[in-house]
Structures are given as C-alpha cells and as structure tokens.
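User: I'd like to learn how to read a sheet and some ring pairs in a model. Can you walk me through it?

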Amino acid sequence: MKTYTFPYDYKKLNVSLDERFVSGVLESNAASYQAELSQSELVEYALDHPVNSPSLEALVKGRKNMVIITSDHTRPMPSKVTLPILLRRIRAVNPEIDITILIATGFHRPMTHEEMVARFGEDIVNHEKLINHDSEDDANMVEIGTLPSGGKCIINRLAVETELLIAEGLINPHFFAGFSGGRKSVLPGVASKVTVLANHCAEFIESEFSRTGIIDENPIHKDMLYAARKADLQFILNVVIDSKKEIIKAVAGDCVDAHKEGYEFIRSLSSVKRIPADIVITSNGGYPSDQNIYQSVKGMTAAEASCNDGGVIILAASCKEGHGGQALYDAIKGMDSAQQILDDIHGVPRNETKPYQWKIQILARILNHYSVIVVTTDCDHQVIRDMHMIPASTLDEAVSIARGIKGEDASITIIPNGTTVIVE
C-alpha cells in the first residue's frame with residue numbers, strides 16, 4: 001500500500017491504495033521546485049530586470065496617481081510578500097503619489113475585511129486605499145472599445161482614468177484562458193459584467209483552443225489581451241508558486257512579454273502526459289481555491305483530461321461556501337440531463353451569455369461523461385447531490401463508491417493538485 005496526499009482547505013487528506021491499481025501520478029514539478037533565491041529576492045530581482053519595459057521606478061516618476069490591480073480571495077497570491085516591495089519601491093522615487101489598490105474580483109463577491117487582512121496584512125489594510133471592484137456597478141465603468149469578439153470593452157473607471165495602471169498577479173495553468181496572470185488582471189479582473197459575459201460566451205468555451213495551457217488561437221485570451229492593452233496596463237509583477245504557496249519565480253515588465261516568460265516557466269514544470277484510468281483522484285489545491293463548487297470545477301478539468309470515458313472523478317475540495325453561484329446551482333440541479341444543458345447553451349449568441357453560463361457549461365460537459373464524487377466535510381452533502389454529484393466524507397469512502405461503479409480492479413490515476421498541471 002502507498003499513501004497519497006491531497007490539499008484540502010488548510011490541511012491535507014490522505015488515502016492509501018494498493019499500487020497494483022495505481023496507473024501513475026501526474027504532478028507539477030513546481031510543487032517541489034527549489035529556487036536559488038528567497039521569495040523577496042526573487043521579486044526584487046524581477047523588478048530590477050523588467051522584461052521589455054522601463055523600470056517600475058521610471059514609470060512612477062512624475063505621476064500624481066496610480067492604480068495597482070491585485071488578486072482577490074479566490075487566488076493564493078502571496079501579496080504579503082509582493083505588495084510591500086512594490087509600495088516601497090514606488091514611494092522611494094515618488095513619496096507623494098496617490099496609490100489605489102484595486103482588488104480584481106472579476107465576477108466574484110467582494111473580499112471581506114478579514115480576508116483582506118489575511119491576504120495583505122493589517123498594515124496595508126489600515127494604511128492603504130483598498131477598493132473591491134464591482135462588475136455590476138455601471139456608474140463606475142467606462143467603455144473603452146470593442147473586443148475582438150465584438151463585445152463591449154467596459155472597464156472600471158479607476159483603472160481607466162489613472163495616470164499609471166500596473167498589476168500584480170499569479171501565473172497558473174487556467175482551464176479556459178490557458179494561463180492566469182498577465183492580461184487577466186484587467187479582463188475579467190476589473191471588467192464590467194457585460195464585458196465578462198461577452199468574453200465567457202458559449203462559443204469560446206466550446207473552442208478547442210480554450211483549454212489549459214493554450215494561448216495561441218485562444219479566443220478568450222485574445223479578448224483579454226485587447227482589454228489589457230486598451231486599458232493601458234503598463235507594467236505587471238507576476239509570480240509562480242510551489243505547493244507551499246511560496247514564490248519560486250517572479251517576472252516583471254510588459255504585460256505580454258513578462259507574462260510569457262512566466263507562463264513558459266510554469267509550462268516547462270507543469271506539462272504532463274495523460275495517464276488514462278477508470279478513476280482519477282484529484283483536488284482543487286486547498287484554500288483559497290476550493291472555497292466553493294464554482295471554483296472547484298477547475299480541478300475537475302484536469303481529471304477530465306486523464307479519465308476514461310464513463311469513468312469516475314474524485315475531487316477533494318472543502319467547498320465550505322457551498323455552491324458559489326446560485327445560477328450554477330439552479331441550472332445543474334434542475335437539469336434533465338447534462339447533454340440537454342449543453343444543447344441549450346450551444347449557439348447562445350455572445351451578447352446573450354448569462355451569469356455563470358461558462359461554469360454551467362463546463363460542469364455539464366464533465367457530468368455528461370463522468371461520475372463525480374466530491375470529498376468534503378464542510379459542504380452540505382445535499383447541495384452536492386442536488387448538483388448530480390456524489391458526496392463522500394473521506395477519500396476512502398470515495399474510492400469505495402468509485403470501485404462500486406467501475407469494479408474492484410479499476411485503474412486509478414492520481415493528480416494531487418488539479419489546478420497546477422497541464423495534462424496533454
């Protein structure tokens with residue numbers, strides 16, 4: 001027997017399996033990567049060597065105000081490391097500059113005070129100007145162009161009207177944008193609901209190019225990049241983290257070229273060949289990524305890429321906030337079949353995308369081919385049943401249920417963290 005470990009909320013879940021039935025383990029090498037510098041040194045080095053860009057200090061000089069976009073509570077961004085360095089370097093050359101930190105909530109709820117303190121630290125929360133983006137606050141939005149997809153490009157007024165717009169962010173494989181980070185800070189980060197809906201349309205989610213690790217020809221990426229350029233995102237600081245959520249790589253500079261250096265680094269560590277199996281066990285990477293079912297669909301997509309058709313996906317995810325989206329819950333709960341949902345969504349025009357349609361579409365795609373078991377002691381099991389998935393309280397229980405579906409000799413692939421791998 002061998003024991004396998006999966007992140008879950010702030011802790012770990014274990015399961016012991018007979019190795020005869022384990023086909024393989026798919027894991028990003030970023031999990032155990034050893035950087036030669038400390039986290040702070042990596043950030044300082046990146047800022048000292050910006051990619052295809054003037055330095056941060058050169059951009060800041062002479063400005064009266066600026067906006068720093070940062071990630072929200074759903075991303076494990078190590079802002080306690082990055083933001084103090086950014087703020088110190090900015091004020092070293094321009095002590096009087098007016099700085100607004102704009103939290104890129106995208107389509108999510110605002111961060112609470114407690115979440116801000118946990119993410120940024122009390123000093124920043126107490127002394128800096130922190131503002132949650134609200135995608136539905138039309139009065140504080142500005143239309144700045146038309147996306148390549150044809151949708152309106154409407155962005156938070158603070159980001160558009162500032163003298164200098166920069167962003168910090170996290171680069172990870174992303175299940176339809178290819179990679180997180182870079183241009184994604186603007187769209188969906190600080191974009192209007194109207195713009196997010198146009199970008200996350202059914203046509204684009206269906207595209208074979210809107211998949212993990214794919215940038216070229218990705219229509220969702222193209223829209224995002226347009227929005228970032230049109231909003232004049234002049235500088236980014238992006239990081240890559242390990243399994244302890246500590247920085248192992250930092251890049252800074254141009255929002256395209258620096259981002260590319262970062263995502264090519266993570267691609268080199270995280271690309272794995274699929275190992276087909278009847279059962280795939282994975283996680284959504286623990287807190288903050290597994291706060292709800294909405295976010296945890298990401299981990300399912302990694303398992304989807306390696307699971308035999310008709311197989312079983314086991315996902316360890318706390319989901320302590322429940323479903324994470326009423327429209328997602330209602331649609332999946334009320335479906336006659338997953339295929340019917342896909343048929344209904346297929347062909348919905350770009351400008352008629354409904355809230356959470358993209359996550360409904362992806363979850364329905366998965367449920368159309370696989371049984372899904374969610375391992376949690378924090379989420380009401382009835383919510384999971386309502387959403388046509390199977391709840392379990394332990395990984396052992398989930399494996400027993402899966403074997404009941406696929407047989408005692410079913411093959412198993414292990415993906416410890418489904419949010420960090422690119423399964424090819």
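Analyst: Let's take the sheet, then the rings. This is a predicted model, where local features need pLDDT of at least 70, side-chain atom pairs count only at pLDDT 80 or more, and totals for chains, interfaces and linings use all residues. Residues are numbered from 1 along each chain as its sequence is written, and side-chain values use heavy atoms, leaving out hydrogens and water.

User: In what order do the six strands of the open sheet run?

Analyst: Strands are DSSP runs of E, at least two residues, numbered from the N terminus, and two of them pair if DSSP finds at least two bridges between them. Here the order is S3-S19-S15-S16-S17-S18, with parallel pairing. S3 (22-25) and S18 (390-392) each have a single partner strand, so one side of each lacks a neighbour in the sheet.

User: How many bridges join S15 to S19?

Analyst: Four, between residues 277-283 and 412-415. Ile-281 of S15 has Ile-414 as its bridge partner in S19.

User: Now the rings: how many aromatic pairs are there?

Analyst: Rings of Phe, Tyr and Trp (its six-membered ring) pair if their centres lie within 6.5 Å; planes under 30 degrees apart count as stacked, over 60 as edge-to-face and the rest as tilted. That rule gives eight aromatic pairs. Phe-179 and Tyr-263 have ring centres 4.9 Å apart and planes at 15°, so they are stacked. They sit 84 residues apart in the chain.

User: Are Phe-179 and Tyr-263 buried or exposed?

Analyst: Buried means under 20% relative accessible area, exposed over 50%, partly exposed in between (1.4 Å probe, protein chains only). Both are buried.
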